[in-house]
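Colleague: I would like to learn how to read a few features of a model.
Modeller: Here is the structure.

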Amino acid sequence: MATATRSRLREYFHTEYQPGERKLVQKIDFFILTFCCLSYFTNYLDRSNLNNAYVSGMKEDLGFVGNQLNMINTCFTVGYVIGQIPANLSLHYIKPRYFFPACMVIWAGLTMVTASVHKPQSIMAIRFFQGIVEATTFVGTHYILGSWYTERELGKRSGIFTASGLAGTMIGGFIQTGIHTSLDGRNGLSGWRWLFIIDGIITLPIAVYGFIFFPDTPSTTSAFYLTESERTLAISRVPPVEDKSPVSWKFFKRCFTSWFFWGFVVLWIIAGETESFSTNALLALYMKSHPTIKYSVSQLNNYPTGIPAVGIISTLFWATLTDFLNGKRYLVGYFIAVTGIATSAMILAASKDPTNSMSTSVVFAAYYWAGAVYACQATFFAWANDTLRYEEHMFRAVVLAGMNLGSNAVNAWWSIIFYGASMAPWFNKGMWAMIAVSILLMLWTVALSYTTAKHEKMRKAELEQSYGASDRKSVTDYS
């Protein structure tokens with residue numbers, strides 16, 4: 001047993017490559033991951049900085065009332081939902097190295113414009129359009145990763161990409177603290193306004209980098225740093241699939257009647273809501289409304305950064321582990337379900353005696369632990385990419401976009417009903433909602449893992465039958 005485990009570890013960390021393949025992987029790792037990670041970093045920096053600005057003076061300066069913060073997030077989500085499928089389909093017609101940077105330039109401009117607003121309603125309008133142009137970052141990148149990397153490589157790369165967004169969330173709090181300390185009042189602008197200006201400026205050089213260096217997809221790349229033999233090798237590394245034009249009724253009918261589509265869309269709708277503690281900044285809102293403790297601006301920005309830090313560790317751990325376990329991504333679903341139930345129970349228990357000093361410690365521990373659910377982003381989208389590897393590229397793109405579309409469409413109203421800012425500090429309804437979706441996630445994971453495993457067995461059986469027993473090597477090349 002121990003010998004077999006050591007053998008698998010050695011095989012995993014010392015992958016055998018074809019001649020020239022290792023150099024190819026190193027190149028695409030550098031140019032794809034640097035751009036995508038930096039892009040997602042600034043993307044999440046922008047999203048988290050709205051919450052950081054809210055607790056750093058924006059609420060008082062603009063006269064926020066009730067659940068207006070949640071309404072702003074909902075406006076962003078509506079735009080984000082609208083942009084999902086059109087953005088991924090656009091990658092079929094517009095080269096990603098043009099499309100991704102163009103979207104970044106637009107959202108950088110909108111971020112900087114946010115610094116000039118004087119009422120919450122203005123931010124609502126800005127965030128709606130920001131949601132549209134930011135829609136391609138997450139699902140578009142997962143589509144690109146699935147186009148370049150093998151199943152054995154995909155989990156780690158998806159994990160690194162997702163972790164970069166969490167790093168943006170984590171670092172955003174420290175950036176806001178530094179800006180509030182050094183720039184608050186400079187040239188008559190509040191520190192939270194400078195935050196949006198600097199965030200937008202940071203984004204622009206990354207867009208230029210992507211325009212020059214991003215390699216598109218294996219079949220369309222014209223990257224100057226890839227040789228002709230490397231381009232051919234890149235195409236050969238992924239299964240050959242028919243790539244038809246997606247704009248047809250037949251194509252969309254196939255997408256929306258496929259069990260692939262609904263299986264993974266519902267998975268991500270459920271899993272997306274298990275991230276609600278973190279995405280709705282519940283710890284910051286808890287601290288802002290704490291019944292006995294008055295936290296400083298620095299504390300309000302810095303203490304919640306522990307949540308994405310836990311998320312980064314959890315994401316990289318589970319992405320690597322599920323790669324090592326030959327793509328058993330479904331295991332993450334069970335871990336997240338247990339986490340959601342346990343952390344909700346901890347906060348509900350703490351709410352029974354809110355003035356007890358131990359109550360605060362329990363709540364902080366629960367929210368930090370809840371950050372571990374971020375692991376589902378990388379692993380579940382890698383799971384979809386693994387399963388759809390033998391399907392038409394644009395069908396895979398639509399399923400990936402549909403997953404995020406469905407999740408955000410539900411989240412647009414879910415966060416208002418269960419996690420409105422006015423419900424702070426305890427969010428009791430939200431705790432029970434979390435327990436419910438965690439149980440549902442466990443059940444859906446069981447059903448989907450059974451279905452995908454059955455489909456994979458049928459695919460391999462059909463492939464063996466078509467190739468014949470004498471050519472089994474050809475069958476396993478893409479298995």
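Predicted model: local features only at pLDDT ≥ 70, side-chain atom pairs only at ≥ 80, totals over all residues.

Modeller: Residues are numbered from 1 along each chain as its sequence is written, and side-chain values use heavy atoms, without hydrogens and water.

Colleague: At what angle do H10 and H18 pack?
Modeller: Two packed helices are described by the angle between their axes and the distance between the axes. Here helix H10 (residues 259-273) and helix H18 (residues 393-419) pack at about 35 degrees, with axes 8 Å apart. Helices are DSSP runs of H or I, at least four residues; axes are lines fitted to C-alpha atoms over the stretch in contact, and angles run from 0 to 180 degrees between N-to-C directions.

Colleague: Which residues of H10 and H18 make the contact?
Modeller: Among them are Phe260, Phe264 and Trp268 of H10 and Val398, Gly402 and Trp414 of H18. Contact means heavy atoms within 4.5 Å.

Colleague: How many salt bridges does a search of the whole structure find?
Modeller: Side chains of opposite charge can pair when their charged atoms come close. The search finds 15, counting a side-chain nitrogen of Lys or Arg within 4 Å of a carboxyl oxygen of Asp or Glu. In one of them, Glu230 pairs with Lys27, the closest N and O atoms being 3.0 Å apart. Glu230 lies in helix H8 (residues 228-236) and Lys27 in helix H2 (residues 21-62), so the pair ties together parts 203 residues apart in sequence.

Colleague: Which helix gives the largest share of the nonpolar patch?
Modeller: Helix H7 (residues 191-213) does, with 3 residues.

Technical notes
Helix = DSSP H or I, 4+ residues; strand = E, 2+ residues; numbered from the N terminus.
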